[in-house]
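Biologist: Before we look at any single feature, could you take me through how a model of this kind should be read?

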Amino acid sequence: KQGFRIEQFGRNFFRIEAAPTWLTPDRSETFIRDFVDLIRQRESSFKNHEVLWEAVAQLAVKGSYRRNDSLSEAAAQNLARELLRCDKPHTTPFGKPTFTETSWNELSRRLGDDE
């Protein structure tokens with residue numbers, strides 16, 4: 001459902017056949033390894049699917065865009081579009097706000113526009 005396709009490949013081996021578009025191929029293996037480790041550590045709490053996908057979201061954020069990364073205008077617009085398609089676009093998986101609303105009056109005050 002989330003874009004992963006993982007198949008068993010021999011005894012105790014698995015092959016990642018497909019990953020979601022938000023996960024680059026060079027990060028797929030690390031992501032899956034981190035996810036398996038997380039499941040091993042918190043196995044009993046993952047009986048609830050919401051908790052499980054919350055863990056996936058938190059791992060997805062780890063290693064994603066950072067403040068000092070350069071981002072083209074097209075990439076920024078695409079990122080905003082994808083954010084607004086989320087079920088809960090107002091906060092990150094860690095509970096931090098993803099955006100704020102500012103009134104014209106507040107914007108004018110902050111920019112020092114006296115008119």
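The dialogue below takes up confidence, strand pairing, the nonpolar core and salt bridges in turn.

Modeller: This is a predicted model, in which local features need pLDDT of at least 70 and side-chain atom pairs count only at pLDDT 80 or more, while totals for chains, interfaces and linings use all residues. Residues are numbered from 1 along each chain as its sequence is written, and side-chain values use heavy atoms, with hydrogens and water left out.

Biologist: Where in the chain is confidence lowest, and where is it highest?

Modeller: The quantity to read is pLDDT, the predictor's confidence in each residue, from 0 to 100; its mean over the chain is 76, and 76% of the residues reach 70 or more. Confidence is lowest in helix α2 (residues 49-61), at a mean of 68, and highest in helix α4 (residues 104-111), at 88, where helices (H or I, at least four residues) and strands (E, at least two) are DSSP runs numbered from the N terminus.

Biologist: How many bridges join strand β1 to strand β2?

Modeller: Two strands pair if DSSP finds at least two bridges between them, and here four bridges join β1 (residues 5-8) to β2 (residues 14-18), the two running antiparallel. They form a hairpin with five residues between them, and G10 in the turn has a positive phi of about 90°, while Q8 stands opposite F14 in β2.

Biologist: Which residues make up the largest nonpolar core?

Modeller: A nonpolar core is a set of buried Ala, Val, Leu, Ile, Met, Phe, Trp, Tyr and Cys residues joined through side-chain atoms within 4.5 Å, buried meaning under 20% relative accessible area, exposed over 50% and partly exposed in between (1.4 Å probe, protein chains only). The largest one has five residues, namely L23, F31, I32, F35 and V56, and helix α1 (residues 25-41) gives the most to this core, with three residues.

Biologist: Which residues are linked in a network of salt bridges?

Modeller: A salt bridge is a side-chain nitrogen of Lys or Arg within 4 Å of a carboxyl oxygen of Asp or Glu, and by this rule the count comes to four. The network links E106, R109 and R110: the closest N and O atoms of E106 and R109 are 2.7 Å apart, and R110 also meets E106 at 2.7 Å, N to O. E106 and R109 are three residues apart in helix α4, so about one helical turn separates them. E106 is partly exposed at 23% relative accessible area, whereas R109 is exposed at 58%.
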